[in-house]
Amino acid sequence: MTNKPSIIVSTLDMDRISTLLEKATQWSAVLEKLEDELDRATVMASSDMPSDVVTMNSTVCFKFVGSDNSMEKTLVYPDQVRSSEDISIFAPVGSALLGLSVGQQLTWPMPGGQEKTIEIIDVVYQPERAGDFHL
């Protein structure tokens with residue numbers, strides 16, 4: 001298995017996601033992988049978060065390696081998905097994005113049993129960078 005890139009998660013995101021995972025009634029492979037990712041994450045205060053890391057409520061530009069098509073999505077909590085521009089932290093792609101930095105790649109299981117490698121192109125908006133610590 002390939003080495004996974006290091007990931008960074010804020011204390012606030014870690015607390016909120018952990019609470020959601022504890023309350024989850026439908027446990028799935030996606031949630032199990034997300035929990036594994038959280039277990040290996042470096043956790044730091046929101047105010048210390050590097051500006052190129054994908055955090056909750058960040059808008060991120062990414063692509064699947066091997067494709068020229070990039071996507072821009074906002075990573076949100078499951079109850080905050082409002083449009084196709086949002087992606088839930090509980091969706092396979094959403095859970096793969098959390099904590100990655102610009103330029104990093106992560107191979108992640110997708111629906112149907114396939115794996116895809118996601119590459120972070122840009123963090124267009126990050127709440128911590130913008131000083132929006134209340135999101």
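An open sheet of five strands runs in the order E5-E4-E3-E7-E6, with mixed pairing. The structure is a predicted model, in which local features need pLDDT of at least 70 and side-chain atom pairs count only at pLDDT 80 or more, while totals for chains, interfaces and linings use all residues. Residues are numbered from 1 along each chain as its sequence is written, and side-chain values use heavy atoms, with hydrogens and water left out. Helices (H or I, at least four residues) and strands (E, at least two) are DSSP runs, numbered from the N terminus.

- Strand E5 (86-88) and strand E6 (105-109) form the edges, each pairing on one side only; two strands pair if DSSP finds at least two bridges between them.
- Direction ignored, neighbouring strands of this sheet are turned by 45° against each other on average.
- Strands of a sheet pair through backbone hydrogen bonds, either parallel or antiparallel.
- Strand E3 (residues 59-64) and strand E4 (residues 70-76) are joined in the antiparallel sense over five bridges.
- Cysteine 61 stands opposite glutamate 72, which belongs to E4.

**The helix pair**

- Helix H1 (residues 11-23) and helix H2 (residues 29-40) have axes that come within 11 Å and cross at roughly 145°; axes are lines fitted to C-alpha atoms, for helices over the stretch in contact, and angles run from 0 to 180 degrees between N-to-C directions.
- Met14, Ile17 and Leu21 of H1 make the contact with Leu31, Leu34, Glu35 and Leu38 of H2, where contact means heavy atoms within 4.5 Å.
- By class, this contact of H1 with H2 has six nonpolar, no polar and one charged residues; Ala, Val, Leu, Ile, Met, Phe, Trp, Tyr, Cys and Pro count as nonpolar, Asp, Glu, Lys and Arg as charged, and the others, Gly among them, as polar.

**Glutamate 32**

- Glutamate 32 lies in helix H2.
- With a relative accessible area of 44%, glutamate 32 is partly exposed, a class between buried (under 20%) and exposed (over 50%), using a 1.4 Å probe and protein chains only.
- The C-alpha atoms of glutamate 32 and alanine 130 are separated by 31 Å, and the two residues are 98 residues apart along the chain.

**Annotated spans**

- An unreviewed UniProt entry places a "coiled-coil region" at residues 17-44; annotations may be inferred rather than shown by experiment.
- Residues 17-44 are 68% helix and 11% strand, and their end C-alpha atoms lie 15 Å apart.
- The unreviewed UniProt entry also places the feature "domain: Regulator of nucleoside diphosphate kinase N-terminal" at residues 5-43.
- Residues 5-43 are 64% helix and 13% strand, with end C-alpha atoms 15 Å apart.
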